[in-house]
Each structure stands twice: as C-alpha cells, then as structure tokens.
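Could you look this one over with me?

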Amino acid sequence: MRVEGIMHPHYRKGSAPLGGTELGREILMQLGTLQLYGMDPQLTPLERGLVKYSLRMDKAGLMEAHMRFLKQFGELERDWQLTKEAAAMMTTSKGVAMEKERPPVRKKAVEGMRAIHLVDLAVGKRNHGRVLYATICADTFFLSLIQTLVEDDEGLAARVMIDDATLDGSASWAKVQRRYPRGAKIAIKAPFLSDLPDESIALYVTSEEDLVVLSDSSPSTVEFDSYGIMDAATLRTEGNRLFAKQDWPGAIGFYTKCIQKAMSTNQRKPNAKNRKKGHSENGATSNGKVSTETVVLAYSNRAAAWMKLCHYERALVDAEEALHLDPQHLKSIYRKGCALRHMQQFQRASECFAMALEYSPEKEIRQAHNRSKTYDSQSRLVVNAEGRKIVTSSGRSNACLRDELVYKLSNLVLKSSRWLQQLCCLADCDCHGNGKVPSLELFRPNSKWNSCKDDVPLVRMKGVVLQNALDESGSCTRGLAAGQQPPARQFLGLWPLASFINHSCASNSFRLHVGDTLFLHASRPIEAGEEVTLAYVNTLLPRQMRQELLDQNSWEFKCNCSRCLLEAKLSAPLKQLLLLVMECRYTLPVTGSRNLKKRGQVLQSSMMHISELCVFVDVYMANRSLKF
Ligand SMILES: C[S@@+](CC[C@H](N)C(=O)[O-])C[C@H]1O[C@@H](n2cnc3c(N)ncnc32)[C@H](O)[C@@H]1O
C-alpha cells in the first residue's frame with residue numbers, strides 16, 4: 001500500500017518540527033511518497049517511528065477511519081435508539097417525542113495554563129499545566145468511550161477518547177453529539193496522547209472535567225408539539241404519511257396521538273357495537289365521536305409499524321386491541337399471525353393465518369399459513385438454541401464484533417421480553433446475574449412467558465457477551481500457533497440456552513452452526529444425570545494452548561477436566577520418555593559394547609516410564625472419569 005507523505009503546513013512554515021526535533025522535519029521534507037510498512041529501508045527505527053507518528057496525525061486518514069466506524073455502528077445505534085424513542089412515545093403525552101433539552105455550554109476558565117499544540121505532545125506523557133485548544137472536526141460517537149476527532153489551529157488532527165462518567169452507557173449518539181458538537185471549540189486540559197492497541201494514537205481524556213467546551217456551534221434541535229389541534233382522523237393520516245416515508249417511530253407517535261384523541265373524545269373506549277354507525281369523512285360519527293373504524297385502523301397500523309421495528313410483542317398487543325374492537329378486521333388478524341410467527345409461537349400463528357384464509361384466500365396469507373405450519377412441526381422435532389450470529393467482513397477486529405453484538409442484543413431486549421428474560425438469567429464476567437435457574441419453558445418454541453420488568457444495561461450486556469458469546473473456535477479446528485494473539489474471528493454470537501453449558505476438553509457434545517441456529521449434538525452416549533459439556537476451544541490444541549485460550553477469552557478459568565488432569569500427570573513421564581528416546585536415537589551409536597550396554601539401560605528406564613504412563617491411564621479408565 002502506498003500512502004501520500006504528510007507535508008503539513010506546520011513544517012512548510014519551518015517552525016517547530018515534529019516531536020520537537022529537526023530530524024522529523026528533515027524526513028518529512030525529503031519523503032514525498034512513503035510506503036506505510038517497511039517504508040524506506042534506509043530509515044533508522046527512530047526515523048520510522050517519527051514518520052509513522054506523523055501518518056497517525058493525518059486528518060484525511062483519521063477522518064476516513066472515523067467515518068468507517070460511524071457507518072458501521074451508526075445503523076445499529078440508530079435502530080436501538082429508534083426503538084427506545086418509539087417505546088417512550090407510548091407513555092409521553094407529547095406525541096412526536098423530541099428531546100428539548102440542550103446542554104449548557106460549559107465555559108470554564110483555563111486561565112493560567114500555557115497553550116500546547118498537537119505536534120508538541122509526546123506519546124505516553126501527560127502535559128500538566130498545559131492546555132490544547134482545538135476544534136471538533138467530526139461527528140462524535142459513543143461506544144465504551146466517547147470518540148471524536150479534533151483539529152488544532154495548525155491543522156494537525158488527532159483522535160480523542162473521552163471518559164465522560166456523567167453519560168450513562170445507554171446515552172444516545174444524538175445526546176453525545178449535542179454535548180460534544182462538531183464545530184465546537186474546545187480546550188483539553190493536561191492533554192495526554194496515548195498509544196492504542198490498534199497501533200493508532202489518541203488523546204485520552206480521563207474525565208469530562210478536563211475537556212472544556214468554549215463555543216458551541218451546533219444547530220438547535222428544539223421542536224414543538226404543534227399537533228394538539230388535529231382531529232383523530234388527521235392524526236392517523238399523518239401517521240400513514242410517515243409510515244409511507246418509513247419513519248416508523250414518527251408514525252407510531254401519530255397513531256398513539258390518534259388513539260389518545262379518540263379516547264378523550266369518546267370518553268370511553270369505543271366498542272364493537274358502535275363500529276357500524278355512520279361516520280363523516282374526518283373519522284367522526286354523527287354525534288361528534290371518533291368512529292371505531294378510525295381507532296381500529298390506528299391500532300392495526302401501529303402494529304404494522306411496531307413490526308417494522310421488529311418489536312413483535314408490542315405489535316401483537318396492538319393487533320389484539322384492534323381485533324377486540326373489530327374481530328373480523330383481516331389486516332389485524334394477519335398482523336397478529338405475523339407477530340406470533342416472529343415470536344416463535346408457530347401454532348398460534350398458523351391458527352391466525354387459517355382464520356385469515358376464511359376471509360380472504362390471498363396467496364400471501366396462504367404462504368404465511370403454510371410456512372407457520374412447517375415451522376410448527378419442525379420446532380417440535382428440534383429444540384434449537386436460537387441465537388444471533390454476526391459474520392465478520394475482513395479487517396474487522398474482535399472488539400468491533402463484540403461491540404456490534406452488544407448493540408444488537410441491547411436492541412433485541414428492548415423488543416422482546418423473552419430475550420430480555422433469557423439474558424437476565426445469564427452471568428456476566430463479574431458473575432452478576434439474577435441468579436435464578438430459569439425454566440426450560442423460557443427457551444422452548446411455542447411456550448408462553450410473562451412480560452418482565454428487569455433491565456440489562458449496556459455495561460452488563462457487555463459483560464454477558466464477554467462471558468457467554470461463542471465464536472467458531474471449538475466448533476472447528478482453527479487454533480493458535482505458539483505465542484500468537486487470538487486470530488480474527490469469523491463470527492461471534494450469543495445462544496442463551498447454550499450459554500449454560502460448561503466447558504470440558506473431553507466434552508460429551510459438540511456444536512454445529514447452521515445459519516443463525518446452533519445445533520447441539522451428543523458426541524458419545526450421555527448417561528442420565530451426567531453434565532452436558534461443550535468444548536469452548538479447539539480440543540486438538542495442546543493443553544497449554546487450550547488453557548491460554550480459556551484464560552484469554554474473558555472466561556478466565558483454569559480447566560480441570562479429566563483430560564487436562566491426565567495430560568498434566570502424563571506430561572512429566574512423557575517428557576522423560578522423549579528425552580530417553582532422543583538419547584538412544586541421536587547420541588548412542590549402535591556399535592561398541594559400551595554404547596550397546598547404555599542403550600539397554602536407557603531402554604529399561606523407558607519401559608519404566610511407559611509402565612508408569614499405563615498406570616495413570618488405567619486408573620483414569622477404571623474410575624470412568626475419562627470418557628473420550
Ligand atoms: C458460558 S458460561 C457457562 C455457564 C456458567 N457456568 C453459568 O452457570 O452461567 C462460562 C463460564 O462458566 C464457567 N466455566 C465454564 N466451564 C468451566 C470449567 N470447566 N471450569 C470452571 N469454570 C467453568 C467460567 O466461569 C466461564 O467463564
């Protein structure tokens with residue numbers, strides 16, 4: 001890969017050179033085009049370091065990487081926040097929920113501190129008593145830390161990571177961007193440039209106190225609720241308009257307003273009796289009340305909008321509300337069936353579609369009916385551990401995959417109380433969990449479960465993922481070479497039921513991944529009452545590597561399975577045996593009586609070691625604790 005050399009205006013001006021040395025300037029002046037890795041073989045390690053350092057400060061490159069991140073995580077975050085917003089609308093009286101809060105611009109004095117520029121910062125050194133003035137030049141986002149880009153007045157750019165304890169883990173990106181808006185002038189006190197594991201560097205702000213927002217150039221986001229005067233039918237039409245524009249939360253807001261309006265106008269819930277009464281064009285009956293049809297359609301359409309947000313439980317509630325008012329409303333019957341199918345209630349879904357077919361033999365309904373019937377019979381044959389799989393594209397780091405999974409799951413628990421309850425049962429890496437032994441019913445398709453008020457905050461979700469997520473290792477033979485870091489993952493997923501299975505290097509089951517589904521197969525006969533175990537890592541690896549992997553992947557336990565114990569016992573006599581064989585083979589020629597005598601002795605001690613090994617194996621086999 002070839003990259004353009006950085007010819008920063010700073011150096012053209014000929015003022016203070018990179019890292020405060022003439023050498024940095026020299027290098028940058030001489031090199032027009034650099035090769036990023038193994039740039040110029042003539043360069044000393046120090047020179048290479050300086051060039052690399054300057055590349056890591058390149059605004060265009062940093063911006064490109066930042067935009068990649070924003071795109072990658074932005075969609076997941078938006079989906080998650082949209083669902084939260086839509087859920088909030090159910091309880092807010094404001095209809096179209098818009099955050100009216102605007103953070104105060106913090107103008108704290110940074111007087112008495114001497115200004116410093118990015119170019120003067122050394123990696124790993126905190127610059128006490130100094131202040132860096134810069135402008136936020138990219139949209140801020142939030143994963144574990146707040147991340148953005150800044151540019152100083154000399155045009156040099158840097159990544160910034162902010163540990164802002166005042167924002168909880170579930171703060172929306174919109175909120176974070178209002179707090180640290182693009183274009184804002186900021187001052188970073190005691191700036192600290194830190195080396196990151198991915199070879200990049202970033203200004204690490206350990207407390208929000210150290211970052212002072214001097215001027216806020218963000219546009220106002222205040223919007224007002226101007227829909228109070230609309231009648232119910234107009235509100236529903238407005239909902240339909242937003243639905244057509246695929247603004248699902250917006251549509252839900254208007255349908256909710258429509259239903260609320262109908263309730264307050266009619267003073268009581270409309271019922272099936274007044275549905276047939278005549279009504280005017282604006283959805284009102286002749287006595288001024290909102291027609292039942294308007295409310296049925298609002299509920300039914302809101303169910304469709306919830307479905308678009310994959311919020312199937314809310315979709316089911318709305319479809320049922322609509323059917324309560326009009327039991328023959330075809331679209332509501334169909335939507336109820338769809339919601340049930342997504343909730344794995346295949347039998348009930350199939351009954352709904354059968355009922356819909358009585359009113360209309362449409363192809364779409366017939367297909368949905370057939371599919372539900374098939375799923376229903378399949379789900380009775382196989383109890384699968386439903387899960388979510390994420391397939392990596394090349395170049396995505398393991399940490400990225402993990403964060404993606406955390407977002408996806410956070411999204412799921414907002415939408416499905418079943419997933420919420422399943423995840424609440426799981427331990428996180430700090431061994432927090434609700435400690436309850438869950439009923440198997442919670443994991444069985446077609447089973448019923450109650451709604452749940454528990455919550456899984458983002459931080460705990462991360463712990464749950466660290467502790468329970470599975471990748472392909474253990475289900476394939478990919479492993480580690482000596483001294484290597486774990487390889488990039490092909491996928492990472494969480495299968496709640498499978499998460500309860502402990503590891504053993506001599507496991508009695510193995511997993512097979514087909515699409516998003518994890519199938520668990522017995523790898524040998526399992527006795528009643530025997531614990532089902534699974535290999536978390538590739539069991540063809542030697543013991544030490546297996547142990548390292550189990551320690552590295554946040555499981556942090558030492559495997560004491562029967563195979564590990566046996567291998568530990570065998571390792572000393574095996575090593576001895578190996579040494580003796582090597583001695584015989586390579587150091588003692590087969591000629592000469594002394595050599596032959598020595599060979600005989602070596603052979604004799606080898607036999608002793610072999611019989612020792614046999615005893616170990618015999619004891620283990622006799623105890624039947626070793627089963628592989
Ligand atoms: C995916 S969870 C397994 C289920 C967990 N035991 C539970 O009850 O929720 C992984 C965690 O279980 C524990 N674990 C699994 N296999 C183990 C083993 N062979 N020895 C010790 N701890 C084990 C470790 O704490 C590990 O981090």
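Here are my notes, point by point.

1. Keep in mind that this is a predicted model: local features need pLDDT of at least 70, side-chain atom pairs count only at pLDDT 80 or more, and totals for chains, interfaces and linings use all residues. Residue numbers start from 1 along each chain as its sequence is written.

2. Start with helix 8 (residues 292–308) and helix 9 (residues 312–325), which pack at about 165 degrees with axes 8 Å apart. Helices here are DSSP runs of H or I, at least four residues, and strands are E runs of at least two, numbered from the N terminus. Axes are lines fitted to C-alpha atoms over the stretch in contact, and angles run from 0 to 180 degrees between N-to-C directions. So helix 8 is roughly antiparallel to helix 9 (over 145 degrees).

3. Who makes that contact (C-beta atoms, placed from the backbone, within 7 Å)? Helix 8 gives residues including Val295, Tyr299 and Trp306, while helix 9 gives Ala315, Ala319 and Leu325, among others. The contact divides into eleven nonpolar, two polar and four charged residues. Nonpolar means Ala, Val, Leu, Ile, Met, Phe, Trp, Tyr, Cys and Pro; charged means Asp, Glu, Lys and Arg; the others, Gly among them, are polar.

4. Now Gly250, which sits in helix 7 (residues 248–266). Is Gly250 buried or exposed? Gly250 is buried, because 23 other C-beta atoms lie within 10 Å (the cut-off is 20 or more, with C-beta atoms placed from the backbone). Gly239 is eleven residues from Gly250 in sequence and 7.1 Å away in space, C-alpha to C-alpha.

Definitions and conventions:
Angles under 35 degrees count as roughly parallel, over 145 as roughly antiparallel, 65 to 115 as roughly perpendicular and the rest as oblique. Two residues are in contact if their C-beta atoms, placed from the backbone, lie within 7 Å. A residue is buried if 20 or more other C-beta atoms lie within 10 Å of its own, exposed if 12 or fewer, and partly exposed in between; C-beta atoms are placed from the backbone.
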